[in-house]
Amino acid sequence: MKKSILLVEDNLDDIELTKRAFRKQNIMNELIIVNDGEQALDYLFGRGQFESQELIYPTVILLDLNLPKISGIEVLRELKSNDTTKTIPIVVLTSSKEENDLVECYELGVNSYIQKPVDFKQFLEATRTIGLYWLLLNQEPPKRQL
């Protein structure tokens, strides 16, 4: 079964950095990119522009917190409170240094919280670890189609 990654990120530089890091770490899984919280929810619930597409849930979601339209925390809240999406692993990947964000994300059920490293070498290590754990080692529940 194909394992995909949903990247919810609005910063084009961070998107390119993530793509580059995944390539450098030989993570060849499909990378689905949405640019705001509303798009993320539409994708995962098969609404709006994704309504007619047959989509499979991603293996892991990489979620930024500072998003336009709907914040990453609101996306997390909605996904973890919904029976059909609550088991999808969500890794918050954010530049936020706010302790309140960290606490709230864990209270809402985030699986991991990673502060974006500024240094590319650190970012490479973070993506390698994410890929190794969430795409290779972690046992996930059976996939459901949207």
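A: Start at L93, which stands opposite I114 in β5. This is a predicted model, so keep that in mind as we go. The two strands here, β4 and β5 (residues 112–115), run parallel and are joined by 4 bridges. To get from β4 to β5, the chain passes through α4, and this β-α-β crossover is right-handed.

Which residues of helix α3 (residues 72–80) are buried? They are G72, I73, V75, L76, L79 and K80. Looking down the axis of α3, you'd find these buried residues within an arc of 160°, so they line one face of the helix.

Next, a ring pair. There is 1 aromatic pair by the counting rule used here. It is made by Y43 and F50: their ring centres are 5.2 Å apart and their planes sit at 85°, and because planes over 60 degrees apart count as edge-to-face, that's what this pair is. Y43 and F50 are both buried.

One last stop is E9, found in the loop between β1 (4–8) and α1 (12–24). Is E9 buried or exposed? E9 is buried, because its relative accessible area is 3% and the cut-off for buried is under 20%. Leaving aside residues up to four places away in sequence, E9 touches D14, I15, V34, N35, D64, L67 and K116.

How values were computed
Residues numbered from 1 in each chain as written. Predicted model: local features only at pLDDT ≥ 70, side-chain atom pairs only at ≥ 80, totals over all residues. Heavy atoms only, no water. Phe/Tyr/Trp six-rings, centres within 6.5 Å; stacked < 30°, edge-to-face > 60°. Buried < 20%, exposed > 50% of the residue type's maximum accessible area, 1.4 Å probe, protein only. Arc of directions from axis to C-beta. Pairing = 2+ DSSP bridges. Right-handed = clockwise from strand over helix to strand, strands pointing away. Contact = heavy atoms within 4.5 Å.
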